[in-house]
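Hi,

Here is the structure I promised to pass on to you. Have a look at it first, and then read on for my notes.

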Amino acid sequence: MSPLPPPLVVRRARTDRSGATAPDLPGACDHAFDDAELGAARAALLQGRRQAARSLLLRTGDDWDRRGHRLTVLAREPYAAAHAADWLQAEPASPDAAALLALARVQRALRGREDPERAREACARAAALAPADPVPWLGLLRLARTLGPEHEVLDVFAEVRRRHPEHHHAHHLLVARLAERPSGGRYESHEVYELAERAAAEAPADSPLAVLPVVALAERYRVLAATGLVPADPAASGHWGGPRARRILRAGFDWWLEWEHDEHPRRHIDLNHLALALSCAGRPAEAAVLFRRIGVHATRAPWCYPHRDPWAAFRAARARAGALAPAS
């Protein structure tokens, strides 16, 4: 494998200074999505009460995708690291407290508020307390995706996958990084597509990794648009109109129609990627179905690609799909 280039720095789209989301998208950018238990535990943790988070993680058990999602969301809170440190001091052998502290320090490191090495040490401690848990390695992968060299990205991903081969978040992180590798081949020829399609083919039939090639399309568009190789308007870029893209979209949408995995904790991320792709591919009827399923749970990515206001882009695509979709 050729070396990975330094990761692209993608500017965040401008938002309201208050941090509020669009009025018709009250759930936008709420990383908890519709997980009410997670929302309650997060609210309690904000007040310094950890029992709700403790009980939530105990109930989550070894549902690794859900555990990773819940811990990542809890770790985003401003004082999560302080609350987790207090919890770990009270319960030094708690893998949940250690994992929360690790992901909270990773989050702070990615924001430039923590020494990355300190975050890595917290991940190592959490991994030692729970060797089978992929969450500490997910934390290391989040660091490596932005700050690490090639060998670190690939080695840490292998550790996550060894513990949970279909890890949803880890595959998305790897695809996002690999999409940034330069391509010397044809327009639709890039190793990120090969990796994503292989992962989808090797995953169980009911795995949401079936949508990973669609995610790879969006991540590759992000890179091409950021470097000026395609237009900044995704709908006008032609990126979703090639033979390979059409095949990927057809397979992803057909899988979703058959399985409709409403219980997966990160399903809204997949739905938003599918909705963007189908909107840009000129398939409004299918896009309209996805927008109805998404409801208020718009996600920042991929609507912000390359440097767009994600909520304005989401609303515009949703309106186009509603106007152009044939009446049922």
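To start with a question: how many of the 14 residues of α13 are buried? The count is 14 of the 14, so α13 is largely enclosed by the rest of the structure. Please keep in mind throughout that this is a predicted model.

Let me stay with that helix for a moment. Helix α13 covers residues 267-280, and at 1.5 Å a residue its 14 residues should span 20 Å; the end C-alpha atoms are 20 Å apart, which agrees. Just after α13 comes G282, with a positive phi of about 75°. C280 is buried at a relative accessible area of 13%, and C304 is buried too, at 12%. As for disulfides, the count comes to zero.

Now the overall picture. The protein chain has 16 helices and zero strands. Of its 328 residues, 53% are buried. The chain exposes about 14,700 Å², and carbon and sulfur atoms supply 53% of that area. If you take the contacts between residues at least 6 apart in sequence, 69% of them join residues at least 24 apart.

On confidence, the mean pLDDT of the chain is 89, and 88% of the residues reach 70 or more. The stretch to watch is residues 1-23, where pLDDT stays under 50; the model has 44 contacts beyond four places in sequence for this stretch. Where pLDDT is low, the predicted coordinates should not be read in detail.

Next, the salt bridges. Side chains of opposite charge can pair when their charged atoms come close. A search of the whole structure finds 24 salt bridges, and here are some that I looked at:

- R267 pairs with D34, with the closest N and O atoms 2.5 Å apart. Since R267 lies in helix α13 and D34 in the segment before α1, the pair ties together parts that are 233 residues apart in sequence. R267 counts as buried at 14% relative accessibility, whereas D34 counts as partly exposed at 42%.
- D35 and R70 meet in a salt bridge of 2.8 Å, N to O. D35 is in the segment before α1 and R70 in helix α3 (residues 64-75), so this pair ties together parts that are 35 residues apart in sequence. Both D35 and R70 are buried. They also belong to a network of salt bridges that links D35, E37, R59 and R70.
- E191 and R181 meet at 2.9 Å, N to O. This pair links E191 in helix α10 (residues 191-202) with R181 in the loop between α9 (168-178) and α10, ten residues apart. E191 is partly exposed, with a relative accessible area of 30%, while R181 counts as buried at 1%.

The peptide bond from A301 to P302 is cis, with omega near 10°; P302 lies in helix α15 (residues 300-303). Another cis peptide bond joins Y305 and P306, with omega about -5°, and P306 sits in the loop between α15 and α16 (310-324). F33 has a positive phi near 55° although it is a residue other than glycine. F33 is placed in the segment before α1 (36-46), and at 11% relative accessibility it counts as buried.

Best wishes

Terms used: Residues numbered from 1 in each chain as written. Predicted model: local features only at pLDDT ≥ 70, side-chain atom pairs only at ≥ 80, totals over all residues. Heavy atoms only, no water. Helix = DSSP H or I, 4+ residues; strand = E, 2+ residues; numbered from the N terminus. Buried < 20%, exposed > 50% of the residue type's maximum accessible area, 1.4 Å probe, protein only. Contact = heavy atoms within 4.5 Å. Areas by Shrake-Rupley, 256 points an atom, 1.4 Å probe, with all protein chains shown as cover. Expected span 1.5 Å × (residues − 1). Disulfide = S-S within 2.5 Å. pLDDT = per-residue confidence, 0-100. Salt bridge = Lys/Arg side-chain N within 4 Å of Asp/Glu carboxyl O.
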